[in-house]
Structures are given as C-alpha cells and as structure tokens.
Amino acid sequence: RYQHFEVIVVNDGSKDDTLAVLQREFRLQPFPEAYRVQIKSQPVRGIYRSLTHPNLRVIDKENGGGKADAINAGINSARHPIIYAGDADSVLDPHSLEHVVRPFLEDPTTVACGGTVRIINGCSVRGGVLEKVGLPRNPLALVQVVEYLRAFLGGRLGWSAVNGLLIVSGAFGVFHRDTVVAAGGFRADVIGEDMELIVRLHRTLSARGARYRVTFVPDPVCWTDAPEDLGTLGRQRKRWQRGLAESLWENRKLCFARGSGVAGWFAFPYFVVFELLSPLIEVGGLFVMAAAFALGMMSGTGFLAFMAAAFALGLMLSATSILLEELSFHTYPKTRHVLVMFAVSVLENFGYRQIISFWRLHALFDWVIGKPITWGVMKRKADWQQ
C-alpha cells in the first residue's frame, strides 16, 4: 500500500526455470535500460520489464555466490532514494513500508531503519497477504517465536534509542540508497552481510564526523519462515555467529574510536563480550560449575542457586518481551497463544538454549581456526502459504 515504489527481482543465475516462469507470469520483455555499475557485482545478462506491472523489473545476472551480490545488482538498478532488500521466504504486512520509512521523513540523517521480524509458521497467507495469525505446531518453530520477540522488543529497541544499533535484520532492513552506495554496498565475501554493512556504516560515517542515525521501529512487521528441524536450525545459527564474528573483526577500528559515540564505546564492546563470546562464557560456565560440584568444590545448594539465577534471568527477559508484545501490539489474538508463549519461555531453558550455545561455540571455534563455512541446504516447508 505504499504510494510510490518499484519492485526489482534479481534472478541470481538460477539453474531452474525461475526466469521462464517470471517471463510467462508477468509478461516480461527485454528492457534497454542504462544499467549503471555503481557497486561491483557479477555481470548482468539482461533486464526485463513487465507488460502487466509497469513498476516491476527483473534483472537476470550470473550467480554471485550469495545474497549480497544479488542485492548490489538490484541497488545499481534502483531509482528511488530508499531501498528495501527482502527475502523470498518473507511476507510484509500491508502497512509495513509506510511505517518503516517514517524515521527517514522525521530525521533526514537516518541512513538505515529496521522493523520487527516475526515467525510466520502457523499463520495463513493468501495472495501474499497475511490472513490469520497463529502459533506453529512444530516445537522448534514455536520456541523461535519467543526468541524473536526477545531479540526485537528487547535489545534492539534499547540500542536504537541511543543510536547504538549494530544489527538491522536482513529480512527487514530499509536503507538510504546513496549512503549504501558510498559505503561500497553489501560485501559478498562475508556471511552476515546485513550486520557487516550496519557496523561499517557506523565506522565510516563516525570517522568522517557525519551526523547519522541507525534506528529501529517495532510496529512495522515482516513475517519470515523459521527452520523446523535441528539440522537447518543449526546451520542457520552457526552462520549467524560466524557473521557476527566477521562483522566485528572487519570493523574492529570502530571500537573505542574517537567520535564513534555509543556505537563504538558501548555497543561494540557489549557485542564482543555478551554476543560474540557469550557461548564460550555460557558453555564454559556450565562445565566449570558442574565440575566444581562433581569434585566437591561446590555444595549442592550453591550449584542449584547458580542454575536458578541463570534460569530466572532468561525467564525474566522472555516474559518481559511477551508482556510488551501483548500490551503494545496484541498480535496474537487468543489468550491461549499468550499462555503457550509463557510456557515456552520456561521450557526453552531446559535444552534449547544450551544446544544453541554449543552451536554458536562451534561456529566461533571454526572462525578462529579459519575453517570455511557454506550455506548448505535450507529446508523450508512453507505450508503457511495458500
């Protein structure tokens, strides 16, 4: 429902019939567009325009090995000052774009803005529009509903208020086009290209003494498909941890840099200690406490007190996020939904959080020793789509 927009679909060298299907469904015809290469990407083989949708164009390019290269090709072809790079397995609420551009209108120094990402598993989508909100039946997807609420309505809301936000989700991030072009676009040689760009914008803009804002608004929502099996979930979380490590390392000059503000003096050190090294601290802490108890160096009461404190902290963060969601947005219509989420916030502490920490620790170790990482096969059911 946004008034003036264009849709650019990038066919990143697919080997199936994607381009043929697009040509048939949208009556695509070759379009002699003057393609300006402002950001480097793999060569573009052709540009097409729809005869049925004047604001739809399709870019057919050689495979770039990842999402970043495809986004860069789309940015080169974009004509408007604000860009949104979406995922194929995500669905926007009809009014999301109208809400997420408000910071750009209210503050002209805004260079990036992120919205809330929620889990679409268990919902119903017809014709690209969310018709019914529900909770997934799959237990792994269900626990991710609470996890996403905690991430977006907790940390990101707080960091945004002080211009220390280092992450804008790749599923729902809106950017000022010229600023992204000037920064060199998305890097295709890193796993977490979305976070790396945000940290790089903080580093480069603060180094120039420029006034800028990276912000988050909670009311625009993008719904995304969550993994429902351990293999896919593990690969996803390992990529996220690897992307975090690469983003912080590649932009380490931001840390304690003169003029870097909250982003460099508080957010960056926080992410190093409490995000990058947290799996090492969490897993190491569990082993140390368990060993101390087994060797008689700690009483049973002390061990239980430690575990209770860790459990209470996680439960408090989850419960607060659920309450904030219910009081502010009331996305989930039934009381049963809220009660289920509260139950999940308790149960996730018994196994789920521990296995996530082990996956992240594994990814951190692989990054330290320089072991390459690949995307692997990402299984998606997409049974929410009618």
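The lining of the second largest pocket divides into eight nonpolar, six polar and six charged residues, where Ala, Val, Leu, Ile, Met, Phe, Trp, Tyr, Cys and Pro count as nonpolar, Asp, Glu, Lys and Arg as charged, and the others, Gly among them, as polar. The model is predicted; local features need pLDDT of at least 70, side-chain atom pairs count only at pLDDT 80 or more, and totals for chains, interfaces and linings use all residues. Residues are numbered from 1 along each chain as its sequence is written, and side-chain values use heavy atoms, with hydrogens and water left out.

Of the 20 residues that line this pocket, G122, G134, L135, P136 and R137 lie nearest its centre. Helix 12 (residues 335-347) gives the largest share of the lining, three residues. The space in the pocket is about 450 Å³. On a 1 Å grid over the protein atoms alone, a pocket is an open set of points with protein on both sides within 12 Å along at least five of seven lines, a cavity is a set where a 1.4 Å probe fits but cannot get out, and lining residues have an atom within 4 Å of a point. Grid points are joined across faces, edges and corners, and a volume is the space filled by probe spheres set on the points. Helices (H or I, at least four residues) and strands (E, at least two) are DSSP runs, numbered from the N terminus.

Two cavities of 30 Å³ or more were found in a search of the whole structure. The largest cavity has a volume of about 60 Å³ and is lined by K67, I71, A85, S169, G170, G173, F175, F186, E193 and D194. Helix 2 (67-77), strand 10 (173-176) and helix 7 (193-207) are the elements that give two or more residues to this lining. By class, the lining of the largest cavity has four nonpolar, three polar and three charged residues. The second largest cavity, of about 40 Å³, is lined by T116, V117, R118, V145, Y148, L149, F152 and Y332. Four of these residues, the largest share, come from helix 5. The lining of the second largest cavity comprises six nonpolar residues, one polar and one charged.

The largest nonpolar core has 76 residues, of which I75, I120, F175, F186, V214, W223 and M341 touch the most other members. A nonpolar core is a set of buried Ala, Val, Leu, Ile, Met, Phe, Trp, Tyr and Cys residues joined through side-chain atoms within 4.5 Å; buried means under 20% relative accessible area, exposed over 50%, and partly exposed in between (1.4 Å probe, protein chains only). Helix 5 (residues 139-161) supplies the largest share of this core, 10 residues. Leaving aside neighbours within four places in sequence, F186 is in contact (heavy atoms within 4.5 Å) with A68, I71, N72, I75, F175, V180, E193, D194, L197 and R200.

Most residues other than glycine have a negative phi. N163, in the loop between helix 5 and strand 10, has a positive phi near 55 degrees and is buried, with a relative accessible area of 15%. H330, in the loop between helix 11 and helix 12, has a positive phi of about 50 degrees and is partly exposed, at 42% relative accessible area.
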